Amino acid sequence: MFGLIPKEEQFFKLFKEMTTNILEGATVLKDMLDRLEDPMESQRKIKEIEHRGDALTHTIIQKLNKTFITPLDREDVYSLASKLDDILDLIDASAQRFIMYNVDRSTPDAKSLAYLILQGCHVVDKAVSRLGSKANDQIFECCVEINAIENEADRVAREAIGRLFDEEKNPIELLKWKEIYETLERATDKCEDAANILESVVVKNA
């Protein structure tokens with residue numbers, strides 16, 4: 001029976017490993033869009049990081065199924081793991097769009113969105129690192145900051161797509177870039193989804 005009782009830091013440690021891995025993916029994406037020198041290699045690195053993230057998610061779910069007492073509500077453990085995994089999935093999807101559409105250039109708006117994704121991931125990592133501590137106010141502050149980053153990304157994407165419809169004469173290019181901008185912006189949405197779970201966890205465990 002004692003083997004069923006977890007050390008609380010095991011789940012928190014795995015979550016921190018997830019956010020560290022997500023940060024690595026976001027960093028590679030930002031570097032990719034800043035230079036776009038070898039997008040195939042950048043996308044390959046991100047895919048490796050995404051596979052690592054899948055393995056961490058699987059480990060958390062397995063541990064959840066085998067653990068009798070969890071440090072957080074079981075549904076919150078599952079939801080947070082799922083939402084963190086979604087962030088990396090969208091980072092990977094963003095990189096894939098450049099390969100799928102044979103895009104050989106970046107734009108200031110794409111670079112801005114990649115920067116905002118990285119910023120959002122930094123704050124998610126900061127919030128997750130405080131799970132299990134008494135730093136509830138700091139987690140709340142992180143959630144507010146993530147919301148602000150998502151709002152800024154939404155503004156950048158909206159304005160970028162507006163300019164596309166005003167300026168881009170090639171309908172194929174318009175559709176390509178519209179999807180690229182929307183996919184990048186959705187990555188920040190996933191950061192906000194994770195923040196919502198973190199906020200709920202803090203309220204339940206206050």
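**View 1. Cys 142 in the predicted model.** Cys 142 counts as buried in this predicted model because its relative accessibility is 1%, below the 20% limit. A search of the whole structure finds 0 disulfides. Cys 142 accordingly belongs to no disulfide, and the nearest cysteine sulfur, that of Cys 143, lies 6.9 Å away.

View 2. With a relative accessible area of 2%, Cys 191 is buried.

**View 3. Packing of α4 against α6.** Helix α6 comprises residues 171-204 and packs with α4 at an angle of about 15°, the two axes being 10 Å apart. The angle makes α4 roughly parallel to α6. The crossing of α4 past α6 is left-handed. On the α4 side, residues making the contact include Leu 113, Leu 116, Ile 117, Gly 120, Cys 121 and Val 124. Those of α6 include Trp 177, Tyr 181, Leu 184, Ala 187, Thr 188 and Cys 191.

View 4. Thr 107 is located in the loop between α3 (74-100) and α4 (108-128). This residue is buried, its relative accessible area being 9%. Apart from neighbours within four places in sequence, Thr 107 is in contact with Trp 177 and Tyr 181. With Tyr 181, the Thr 107 side chain forms a side-chain to side-chain polar contact of 2.9 Å. Trp 177 and Tyr 181 are also among the α6 residues that contact α4.

Methods: Residues are numbered from 1 along each chain as its sequence is written. This is a predicted model: local features need pLDDT of at least 70, side-chain atom pairs count only at pLDDT 80 or more; totals for chains, interfaces and linings use all residues. Side-chain values use heavy atoms; hydrogens and water are left out. Helices (H or I, at least four residues) and strands (E, at least two) are DSSP runs, numbered from the N terminus. Buried means under 20% relative accessible area, exposed over 50%, partly exposed in between (1.4 Å probe, protein chains only). A polar contact is a pair of N or O atoms within 3.5 Å; within protein, one must be able to donate a hydrogen and the other to accept it, and residues adjacent in sequence count only if both atoms are side-chain atoms. Contact means heavy atoms within 4.5 Å. A disulfide is a pair of cysteine sulfur atoms within 2.5 Å. Axes are lines fitted to C-alpha atoms, for helices over the stretch in contact, and angles run from 0 to 180 degrees between N-to-C directions. Angles under 35 degrees count as roughly parallel, over 145 as roughly antiparallel, 65 to 115 as roughly perpendicular and the rest as oblique. A crossing is left-handed if the near helix is turned anticlockwise from the far one by less than a right angle, and right-handed if clockwise.
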